[in-house]
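Good morning, and thank you for joining this group meeting. I would ask you to look at the structure on the screen while I speak.

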Number of protein chains: 2
Amino acid sequence: MAHYPEPLEALIRELKKLPGIGQRTAERLAFHLLGQPEEEVERLREALRAIQAEIVLCRECFNFAEADGRGEDEDGDRRALCGICRDPGRDRSVICVVSHPQELWKIEKTGGYQGLYHVLGGLISPLRDVHPEDLHIEGLMERLRRGGVREVILALDPTVEGEHTSLYLARQIKPLGIVTTRIAQGVPIGRDLEFTDEATLSRALQGRVTI
Amino acid sequence: MAHYPEPLEALIRELKKLPGIGQRTAERLAFHLLGQPEEEVERLREALRAIQAEIVLCRECFNFAEADGRGEDEDGDRRALCGICRDPGRDRSVICVVSHPQELWKIEKTGGYQGLYHVLGGLISPLRDVHPEDLHIEGLMERLRRGGVREVILALDPTVEGEHTSLYLARQIKPLGIVTTRIAQGVPIGRDLEFTDEATLSRALQGRVTI
């Protein structure tokens, strides 16, 4: 049996490293790309270059930000500010804490939140050797100590690590006299109760509210 | 609602152009790539560059070939030959005709074919304005006229366009006195007859063989 030409093999190898992309999908994508005009492939290469060169972490909330100097402030600080931290229309008295930028964007898509964010960059996990000092927790405390924040909403995964991180943060924030809340846990909307796992259902019962 | 930084949007836009990749998958891939070290993304960019720069069509069969000069022959012809055409172990008296390189590799993976190939680059389709002269048919006829080939196997899609192209090729090849065959059509292996469509079943009945 003959083998693919080496450059094709190499591309399949790289594509297979992506999440959810197996051998067959990688082959299909590679053959597709091979059939594209040079400009098309070049556009993808340029987009890949740009995310590395032009995206940095926001100096306030650690969300992704464009490294374009637009975030320069009065002190001449050239490190970038993300679009949300720069937006004068956002409520600066509320900060929602998430573990990764993906979750920040999920919340943005609900369209129901007008406050600021803080991205931890992960969750505390002794098993995986992730400790508080490995996350952007000191950055959060600094923002809170500056004053002006009345509520911190914790929107972390409803897992052991998420719970652990939430409790750690709540304990850190308490002395500052700022209200700490966390997003509600219960049955997800639009799914039959029958398919809801017992832990979720038990939590939903505990958290029942008067209607 | 805030938007993704423009370089991230641009990457999602490019990834969405790939077959089978929708908005959500593109977002997941883009966030993954954003979290990768620079060398990783650079490897993918290099693999994309290489398929454009280093893969050409084989001058004999129009399969993908490496443009590395290894295909140079006695006449000093520097256009590339693919690995299969270069392989002295292949049976040069049989040519299997496919529409795209993907199908060639599918057949290679069966491990049961030792002849050569010819890639048409598509199928005749008056509706889509694809005519015989748009495909690598003249290249095939040239190879056949050179002599030494005793059988041409047509392995084209079992569709109207595939049938049409097969009949056209059979008619062109007939005057050369070369046997033209086509791969068997019938019920696919390993699937319940119950789920086989009627056209396939009807064809399988017509093509029944003595056991």
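I shall speak about confidence, the relation of the two chains, their interface, and a few individual residues.

Please bear in mind that this is a predicted model. The mean pLDDT of chain A is 90, and 94% of the residues of chain A reach 70 or more. For the complex, the predictor gives an ipTM of 0.81 and a pTM of 0.80.

Let me turn to the two copies. In general, two copies of a chain are related by a rotation about an axis and a shift along it. Here, chain A is superposed on chain B by a rotation of 180°, with 0.0 Å of shift along the axis and an RMSD of 0.1 Å. The two copies are therefore related as by a two-fold rotation axis. Within chain A, the C-alpha nearest that axis belongs to Arg45(A), at 2.7 Å from it.

Next, the interface. How many residues of chain A are in contact with chain B? There are 45, and they are in contact with 45 residues of chain B. Several elements of chain A give two or more residues to this side, among them helix H1 (6-16), helix H2 (23-34) and strand E2 (64-66). The element that gives the most is H3(A), with 12 residues.

As to domains, chain A is divided into domain 1, residues 6-53, and domain 2, residues 89-184. The C-alpha centres of these two domains of chain A lie 36 Å apart.

I close with individual residues. Most residues other than glycine have a negative phi. Asp129(A), although not a glycine, has a positive phi of about 65°. Asp129(A) sits in the loop between strand E4 (115-119) and helix H6 (137-145) of chain A. Is Asp129(A) buried or exposed? With 7 C-beta neighbours inside 10 Å, Asp129(A) counts as exposed.

Phe62(B) also is a residue other than glycine with a positive phi, near 65°. The loop that holds Phe62(B) runs between strand E1 (55-57) and strand E2 (64-66) of chain B. Phe62(B) is buried, because 22 other C-beta atoms lie within 10 Å and the cut-off for buried is 20 or more.

Finally, Thr200(A) belongs to helix H8 (residues 198-206) of chain A. Thr200(A) is partly exposed, with 15 other C-beta atoms within 10 Å.

Technical notes:
Residues numbered from 1 in each chain as written. Chains lettered and ligands numbered in written order. Predicted model: local features only at pLDDT ≥ 70, side-chain atom pairs only at ≥ 80, totals over all residues. Least-squares fit on C-alpha atoms with pLDDT ≥ 70 in both. Domains from an automatic or database assignment. Helix = DSSP H or I, 4+ residues; strand = E, 2+ residues; numbered from the N terminus. Buried ≥ 20, exposed ≤ 12 C-beta atoms within 10 Å, placed from the backbone. Contact = placed C-beta atoms within 7 Å. pLDDT = per-residue confidence, 0-100.
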